[in-house]
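Student: I would like to learn how to read a structure like this one. Could you take me through it, feature by feature?

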Amino acid sequence: MKKHLITAAILPRKYSLHITIILLAVMSLYPLFTAIIYPHHFLNDDSFITLTYSKNIALGRGFIFNHPPATLGTTTPLFALIIAFLSKILPNVEIPVIAVFFTTFCWIGIVWIFFIFRHKWQIPLYGILIIAFVFYALGWIKFLGMEAYPFALLLTLSISLFLSDRLIPTGFIAGLLFLTRGEGILILLVFFIATYLKYRTTRDFKYISNSIFKILTAFAIPTLLWFLFAYSNFGVLLPNTLSAKQAQGQNNVFNTFFIKLVNWLPTWFKQFEIFYPINISWILVPLGLIVALRRNRQWLMWVGWMAFYVIGYSILGVAAYAWYFLPIVFVLNLLLSLGIIQVISFTIEKINNLLLKAAFLSFFTVISVWTLIKPMPDYGLLYEGDPRAKSYINLSHWFNRNAKPDESIAYIEIGYLGYYTDNKIIDLAGLVLSDIVFYVSKGDFTSGFWKYRPDYYVYLPDFDWALAGIRADPRFDLEYQAVATLLGPRENNFTIYKRRSLLNTP
């Protein structure tokens, strides 16, 4: 192998391919252990929006949020369908547990895809172990149970297949990626540009067009089937959540994606600070990018994908949520890994003094490992789940005891209420009710309430920034009465209001 590639061997010959597989398998036990001890019922509220759809699909009710009509209120229809399918074949396992373990296997699977396609990525065996350590140590523990890891796995698989010139599978997986999250369609731009650059010198435009045609044709198979289903059932092609998040970004109440990104990015680098101002990520991430630019140019596909992703979300002007930054974290983790691989490779190739080589590698390993494992206790073994979970579950149990299933409940965070009850949920943020989105785009979170006049309203002072107008309206006291007070997720308590016309109804 050529020296300029990152293929230097750090392990003695006895560390063969089989030993590497064993080490990877051992390292993969950490995510599995995390999934076992994970607080499965304390996922974030948005996770339960998708899992509510999974619950109803598995029960044979269709794509509804507890009650008809069918709506497309989840960003990730493919993930909702997969969890529903797994729930059908594992009826004795609760859906949140299924979701956590499925996403954990996707987390593990990303590393194994790099192992399988290591020659296409030009990664030595020890490099696979480095990628595994980075991805496991910096795992997205808070976001197990939602679509972040399945999306990253499909993204990795589609690019790896493209590098292997398997264009039909590439397009098909890209279609599944799009159905996992809509931004998956951006990978097609990366594929088209990479195809053109690969063959531009030969001017073989027929081959370029044939390659693009194969990718698009395979991409169309799952997407067109889904579009036919979506249009016939929902009357729309894209999830309602996209317009809802755009509306939130337009109302000047939420920070938009780009503004939040500018504020968030320094915090990602901050975690790698050894002591101020020494930060290994400031060296390793740019180094990984330089290696990609000069030697391992297939890695630029990740950078291109990230650039399209940032541009796309910035143009859409959507409101920013923490998991929107995970695709960016994914690419930064890859560049970090590539930077570590390059440092080790350079040391092995350029330093001839065995003692000096061993000393530097030992020092670099200790610093890197210590920096990467620092956040693991808080985000792994000690993670207790969404702090709002217990109060939201108790709130749901109250409705199960005191409300009829056909009675409606209005609130602004609807995941737990949707999953843990069978009531009709009036979503005041507009994620599952498209006719509320227009009001939200104007910063009006109250008109949707009066349009539906729900049977119950859950009031929490934390959301007065959006919902204070409901109780301030003179109609509210005339039509609603407080019937219960429950402990809230933070300092403030829930107050449950019921329509006065229903108070004496048996």
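Student: Where does Leu293 lie?
Tutor: Helices and strands here are DSSP runs (H or I, at least four residues, for helices; E, at least two, for strands), numbered from the N terminus. Leu293 belongs to helix H14, residues 281-294. This is a predicted model, where local features need pLDDT of at least 70 and side-chain atom pairs count only at pLDDT 80 or more, while totals for chains, interfaces and linings use all residues. Residues are numbered from 1 along each chain as its sequence is written, and side-chain values use heavy atoms, leaving out hydrogens and water.

Student: Is Leu293 buried, exposed or partly exposed?
Tutor: Buried means under 20% relative accessible area, exposed over 50%, and partly exposed in between (1.4 Å probe, protein chains only). Leu293 has a relative accessible area of 45%, so Leu293 is partly exposed. From Leu293 to Glu407, 114 residues along the chain, the C-alpha atoms are separated by 59 Å.

Student: How many residues of the protein count as buried, as a percentage?
Tutor: Of the 506 residues, 56% count as buried.

Student: What does the radius of gyration tell me about the protein?
Tutor: The radius is taken over C-alpha atoms, and the globule rule is 2.2 Å times the number of residues to the power 0.38. For 506 residues, a compact globule would come out near 23 Å, and the protein's 25 Å agrees with that. The C-alpha atoms fill a box of roughly 85 × 55 × 45 Å along the principal axes. As for secondary structure, the protein has 24 helices and seven strands.

Student: How many aromatic pairs are found in the whole structure?
Tutor: Rings of Phe, Tyr and Trp (its six-membered ring) pair if their centres lie within 6.5 Å; planes under 30 degrees apart count as stacked, over 60 as edge-to-face and the rest as tilted. The search finds 65 aromatic pairs. Take Phe151 and Trp305: their ring centres are 5.8 Å apart and their planes are at 40°, so the pair is tilted. Phe151 sits in helix H8 (residues 148-163) and Trp305 in helix H15 (residues 300-316), so the pair links distant parts of the chain, 154 residues apart.

Student: Are Phe151 and Trp305 buried or exposed?
Tutor: Phe151 counts as buried at 4% relative accessibility, and Trp305 is buried too, with a relative accessible area of 0%.

Student: Which residues do ring pairs link into a cluster?
Tutor: Among them are Tyr30, Trp107, Phe114, Trp140 and Phe330.
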